[in-house]
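Here's a quick briefing to read with the model open beside you. Have a look at the fold first, then come back for the details.

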Amino acid sequence: MRVLFIGDVVGGPGRRGFAAAMPELRERHAPDLVIVNGENSAGGIGITRKTAGALFEAGADVITSGNHVYRHRDVYDYLDEDERLIRPANYPHANPGRGHTAVEAGGKRVAVVNLSGAVGLRVARSPFHEVDTILESLEADCVVVDFHAEVTSEKVAMGWHLDGRVAAVLGTHTHVPTADARVLPKGTAFISDVGMTGSRTSVLGVKPEQALASFITQMPVKFETAEEDVWVMGALVDVNGEGLADSIEQVMVPAPPAQ
């Protein structure tokens, strides 16, 4: 079974780039399951019912999220309604949404778990304890984890923590693709960050001049999503019959012009 995971989709340019790239990505890689992190899909920050729908229409089977998931209130009910859209599992239990889901893909029951790092981000519970609890109760042939975290040390630690227990631990949140994709000794595919789907002529998806003004002046600046040179970034994981990974390959392609 082959899983295509797409990193943080940033705003309209990222959504359009993802939609434009999917036909070629399907032809080239033939994924059985497409997972997309969509927490920045609405104007560069947060997700809405509309932008989630656009990602599903473009080819996402499951959408994960992160620390901006509750930015727009209109998504709250949708998080409870649609099991294909998940939020970090280690947020307060009473919050809208769920932290994991399961879908049928490639003849397997695949669980997708969303976690938030605890270093530099606000969570209710340790992601390490939370994922242990989840794995005890999951009924699935394999598990893919989106670990939405700030620091590489916590991400690498999670990879080792779950090695041999899940098919993949795929890092998101920092928007910069890392060069450490590999299959760990016990069979878990890992990468610290898959990167973002959005403009490379930007600072993490924001127009460069606005990000620079914020850093240089230390004054409030309204950020806008950059639109030039959109790339689609992610990872491709081949999962074997044991529910573990045979390989992981980074995906980094320029988005074709929208038709």
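Let's start with V230, which sits in strand β11 (residues 230-239); helices (H or I, at least four residues) and strands (E, at least two) are DSSP runs, numbered from the N terminus. Keep in mind that this is a predicted model, where local features need pLDDT of at least 70 and side-chain atom pairs count only at pLDDT 80 or more, while totals for chains, interfaces and linings use all residues. Residues are numbered from 1 along each chain as its sequence is written, and side-chain values use heavy atoms, with hydrogens and water left out.

**Around V230**
- V230 has a relative accessible area of 14%, so V230 is buried (buried means under 20% relative accessible area, exposed over 50%, partly exposed in between, with a 1.4 Å probe and protein chains only).
- Setting aside residues up to four places away in sequence, V230 touches P13, G17, G198, S199, P254 and A255 (contact means heavy atoms within 4.5 Å).
- G205 is 25 residues from V230 along the chain, and the C-alpha atoms of the two are separated by 9.4 Å.

**The overall fold**
- The protein comes to six helices and twelve strands.
- Its radius of gyration is 17 Å, close to the 18 Å from the globule rule for 259 residues, so the protein is as compact as a globular protein of that length (the radius is taken over C-alpha atoms, and the rule is 2.2 Å times the number of residues to the power 0.38).
- The C-alpha trace spans about 50 × 40 × 35 Å along its principal axes.
- Of the 259 residues in the protein, 54% are buried.
- Take the contacts between residues at least 6 apart in sequence: 63% of them join residues at least 24 apart.

**The tyrosine cluster**
- Ring pairs link Y70, Y76 and Y91 into a cluster (rings of Phe, Tyr and Trp, the last by its six-membered ring, pair if their centres lie within 6.5 Å; planes under 30 degrees apart count as stacked, over 60 as edge-to-face and the rest as tilted).
- The count by this rule is two aromatic pairs.
- Y70 and Y76 make an edge-to-face pair, 5.5 Å centre to centre with 90° between the planes.
- Y70 and Y91 make a tilted pair, at 6.1 Å centre to centre and 40° between the planes.
- Y70 is in the loop between β3 (62-64) and α3 (76-81) and Y91 in the loop between α3 and β4 (100-105), so this pair ties together parts that are 21 residues apart in sequence.
- Y70 and Y76 are both buried, and Y91 is buried too.

- H29 belongs to helix α1 (residues 11-29).
- With a relative accessibility of 7%, H29 counts as buried.
- Leaving out residues up to four places away in sequence, H29 touches R2, L236, E249 and V251.
- A30 lies in the loop between α1 and β2 (33-37).

**Backbone angles to check**
- Most residues other than glycine have a negative phi.
- A30 is not a glycine, yet has a positive phi of about 50°.
- L204 isn't a glycine either, and its phi is positive at about 55°.
- L204 lies in the loop between β10 (198-199) and α6 (208-217), and at 44% relative accessibility L204 counts as partly exposed.
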